[in-house]
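Let's take a friendly walk through a protein chain together. Keep the structure in view and look up each residue as we come to it.

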Amino acid sequence: MSIFYEMDKDFGNLLKEKKNFLFIGEAGSGKSEIVLNVAAKLAEQTGAKVQVFDMDQSKPLYRSRDMKDAFAQKGVEINYQLQFLDAPTVVGGVAESLMNKDVYTVLDIGGGHNASRVVGVYAHLLKDDDTVPVYVINPYRPWTKSLKAIDETMSDIVTAARLNRIYILGNPNLGYQTSAEEFMEGLARLDELLGGIVTVGSFVVRDEIYDEVKNMTDRHLFPIELFLTYSWVDR
C-alpha cells in the first residue's frame, strides 16, 4: 500500500471533505502562505470556526502568526507560542482542536528534526480519517533539488508521527513575481525529481497568473493570494 494519499484528487476537493490539515515543508516552500489561504477558504465555505496553529520553528520571517489580527476578521484564530532562540515550543490547545468535530484545524509546521519532534506529540491523532498531512514542495528551493533531500525530510516526519499517508502539494515559485513560464518549468522539474515514484496531481499557483496557467496544464490548480509576501514588501 502506497503512503502517498489520493494524489489524483483535486486539493480543493480535499478541503471540502476533511476537517484537519497538517502542512509540512522546508523554509521557502511557501507553506505558510498556503496555510493562510486554506484557513480563509475553510472559514468562508463552512462558516465554522477555524483554528490555525503556527508551530513552525524553522524561520523568523513569513510566518502565519504575523497575520493574527487581520485573519481574526475572517473568522480564523491563529495560535502560537513565543519562542526563545531555538528552544522547542509546543502550542497549547492543538489536541483539543483536532478532536473537536465542530472546529477546522490547520497546523503550520516546518521541516527537519524540530518539526519531527513537534509532530510526534500528536501522532495518535494524525491518523484520523478527517486529517490530511500535506507535504509542500517548491522545486526551486536549494534543499529540494534532489530526491534524496526530499526523501530525508519526508521520512523524518512520517517516522516521527507514524503517519500512514501523506499528500504532496506542488508549489513551484520564485517569489511574488513568478511568471507562468517559470511556474510551468517548476512543475516539470518536480515531475523529473519524483520520477516514477509518484505523480503530483495538484499545484498551488498565484492568483494573478492562474488564468494563464490553467490553459497550459491539465493538473489541478489551487489559486492563492499572497498575504505574507506583500506585507513584508510593503514594509
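Start at Lys16, which is found in helix H1, residues 11–17. Helices here are DSSP runs of H or I with at least four residues, strands are runs of E with at least two, and both are numbered from the N terminus. Is Lys16 buried or exposed? Lys16 has a relative accessible area of 61%, so it is exposed. The cut-offs are under 20% for buried and over 50% for exposed, with partly exposed in between, using a 1.4 Å probe and protein chains only. Now look for Lys41: it lies 25 residues from Lys16 in sequence, while their C-alpha atoms are 9.8 Å apart in space.

Before going further, a word on what you are looking at. This is a predicted model, in which local features need pLDDT of at least 70 and side-chain atom pairs count only at pLDDT 80 or more, while totals for chains, interfaces and linings use all residues. Residues are numbered from 1 along each chain as its sequence is written, and side-chain values use heavy atoms, leaving out hydrogens and water.

The pLDDT is the predictor's confidence in each residue, on a scale from 0 to 100. Its mean over the chain is 84, and 85% of the residues reach 70 or more. Over residues 83–88, however, the pLDDT is below 50, and this stretch has five contacts in the model beyond near neighbours in sequence. The pLDDT is also below 50 over residues 230–235, a stretch with seven such contacts. Contact means heavy atoms within 4.5 Å.

Now step back to the chain as a whole. It holds nine helices and eight strands, and buried residues make up 52% of its 235 residues. Among contacts with a separation of 6 or more, 77% join residues 24 or more positions apart.

Next, return to the segment before H1, where you will find Glu6. Most residues other than glycine have a negative phi. Glu6 is not a glycine, yet its phi is positive, at about 40°. With a relative accessibility of 31%, Glu6 counts as partly exposed.

Another stop is Ala48, in the loop between helix H2 (31–46) and strand S2 (49–54). Ala48 is partly exposed because its relative accessible area is 21%. Which residues does Ala48 contact, leaving aside its neighbours within four places in sequence? They are Ala43, Asp102 and Tyr104.

In soluble globular proteins, nonpolar side chains tend to be buried together. A nonpolar core is a set of buried Ala, Val, Leu, Ile, Met, Phe, Trp, Tyr and Cys residues joined through side-chain atoms within 4.5 Å. The largest one has 71 residues, and Phe11, Phe23, Val38, Leu126, Tyr167 and Phe183 touch the most other members. H2 gives this core its largest share, eight residues.

Phe183 leads us to helix H7, where it is one of the buried residues. Not counting residues up to four places away in sequence, the residues touched by Phe183 include Pro172, Phe203 and Leu221. The cover over the buried residues of H7 includes strand S5 (131–137) and helix H6 (147–161). Just after H7, Gly195 takes a positive phi of about 50°.
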